[in-house]
Amino acid sequence: MNDQIVLHYEIPSDDFTRAGEASSNVKKKLKKMGFDPEIVRRVAITMYEGEINMIIHANGGYIDVIITLDKIEIIFNDSGPGIENIELAMSAGFSTAPDNIRSLGFGAGMGLPNMKNYSDEINVESKIGKGTKVYAKILVTKRID
Amino acid sequence: MTINDIKDILKATYIIGEEHGEKEVHTACGSDMMSDVLAFYKDQSVLLTGLCNPQVIRTAEMMDIICIVFVRGKVPDEMTVELAREKGIALISTGHRMFSACGRLYEEGLRGGASYR
Ligand SMILES: Nc1ncnc2c1ncn2[C@@H]1O[C@H](COP(=O)(O)OP(=O)(O)O)[C@@H](O)[C@H]1O
Ligand SMILES: [Mg+2]
């Protein structure tokens with residue numbers, strides 16, 4: 001493997017049925033590269049939740065994934081409405097998702113908490129009316145829990 | 001327990017993936033909320049759900065789930081089935097409702113995998 005692999009994904013604005021294609025692609029690549037299945041799963045879930053958020057809350061955006069042997073970084077960028085209270089948004093069960101999203105199986109307010117649980121570092125920056133940037137890092141070491 | 005065993009216990013039918021029938025399954029979860037499913041990243045092999053859209057397949061894919069049981073006799077649309085075929089995930093459909101489907105599998109020894117703390 002090269003020192004670093006950078007992947008870039010454009011996430012469409014409102015196609016919920018295609019949500020997860022980018023995450024699926026990253027998962028496949030990491031698997032092929034031989035990363036531990038548990039690490040791959042953690043990256044896949046973190047990215048998938050972020051990808052879904054981008055589609056249901058922010059009209060799409062883009063995701064960059066930086067892969068090295070010792071860590072995987074995922075950077076989500078969107079120009080959506082932004083998050084008013086980040087701390088509140090990160091708490092389990094908080095959601096502003098409308099009912100139609102809930103009937104599709106999302107909007108339980110567990111996305112950001114899941115992303116936090118699965119990553120070793122997460123940072124959310126947001127400006128109302130400007131957009132949201134989420135940085136998540138997963139270290140390539142087995143967790144003992 | 002295998003996927004075929006689940007099919008028999010739940011008097012279910014295959015939608016696709018009969019060829020995966022002899023694969024072993026270890027733990028299961030039942031939910032209509034995908035983020036709840038995604039909250040337990042430890043090996044889960046089976047998902048029971050009443051939800052029928054492509055995101056159910058995507059969720060299973062991210063979790064390495066190999067079998068999805070649709071309860072209340074539901075069958076997803078062709079696009080969702082096609083996605084599952086692509087991912088090598090077995091789909092089965094049972095007439096049981098969620099509670100009884102989970103209960104029957106539990107009774108036969110299938111467990112949840114995540115411990116309650
Ligand atoms: N990219 C985003 N842009 C704007 N708001 C967001 C974004 N991601 C999350 N949020 C806000 O944070 C809340 C919590 O997100 P999350 O934990 O993923 O739960 P859910 O997506 O189920 O609502 C969302 O309901 C939404 O209000
Ligand atoms: Mg979410």
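In this predicted model, chain B holds an open sheet of five strands, which follow one another in the order β1-β5-β4-β3-β2 with mixed pairing. The edges of the sheet are taken by β1 (13-16) and β2 (28-30) of chain B, and because each of these has a single partner strand, one side of each is left without a neighbour in the sheet. Neighbouring strands of this sheet are turned against each other by 25 degrees on average, direction ignored.

Within the sheet of chain B, strand β4 (residues 67-70) and strand β5 (residues 90-93) run parallel and are joined by four bridges. One residue pair can be picked out to follow this pairing in the structure: B:I68 has B:L91, in β5(B), as its bridge partner. Two helices of chain B pack on the sheet. Helix α3 (residues 54-63) of chain B touches β3 (46-49), β4 and β5 of chain B, and its direction makes about 145 degrees with that of β4(B). Helix α4 (residues 78-87) of chain B touches β1 and β5 of chain B, with a direction that makes about 85 degrees with that of β1(B).

Chain A also contains a sheet. Its five strands form an open sheet with the order β1-β2-β3-β5-β4 and antiparallel pairing. Here the edge strands are β1 (5-11) and β4 (121-127) of chain A, each with a single partner strand, so one side of each is left without a neighbour in the sheet. From one strand to the next, the twist averages 10 degrees. At one end of the strand order, β4(A) pairs with strand β5 (residues 131-139) of chain A in the antiparallel sense, over seven bridges, and A:E125 has A:K133, in β5(A), as its bridge partner. Helix α1(A) lies across β1, β2 (61-67) and β3 (71-78) of chain A, and runs at about 160 degrees to β1(A).

The next step is to see how the two chains meet. On the side of chain A, 32 residues are in contact with 23 residues of chain B. The size of an interface is often given as the accessible area lost when the parts come together. Between chain A and chain B the buried area is about 2200 Å², and carbon and sulfur atoms give 52% of it. In chain A, the residues that lose the most area to chain B are A:T17, A:R41 and A:Y48, which together account for 25% of what that side buries.

Polar links are also found across the interface, where 16 residue pairs are in polar contact, both residues being at pLDDT 80 or more. Helices α1 (21-33), α2 (37-58) and α5 (111-118) of chain A each supply at least two residues of the side of chain A that touches chain B. The largest share of that side, eight residues, comes from α2(A). By class, the side of chain A that touches chain B has 11 nonpolar, nine polar and 12 charged residues.

Side chains of opposite charge can pair when their charged atoms come close. Over all chains of the structure there are 14 salt bridges, and the count between chain A and chain B is three. In one salt bridge, the side chains of A:E21 and B:R58 meet at 3.8 Å, N to O. In another, B:D64 pairs with A:R41, and the closest N and O atoms are 2.8 Å apart. Because B:D64 lies in the loop between α3 and β4 of chain B, while A:R41 lies in helix α2 of chain A, the pair joins two chains.

Conventions. Residues numbered from 1 in each chain as written. Chains lettered and ligands numbered in written order. Predicted model: local features only at pLDDT ≥ 70, side-chain atom pairs only at ≥ 80, totals over all residues. Heavy atoms only, no water. Pairing = 2+ DSSP bridges. Axes fitted to C-alpha atoms, helices over the stretch in contact; angles between N-to-C directions. Contact = heavy atoms within 4.5 Å. Buried area = accessible area lost by both parts, 1.4 Å probe. Salt bridge = Lys/Arg side-chain N within 4 Å of Asp/Glu carboxyl O. Polar contact = N/O pair within 3.5 Å; in protein donor to acceptor, adjacent residues only side chain to side chain. Nonpolar A, V, L, I, M, F, W, Y, C, P; charged D, E, K, R; others polar.
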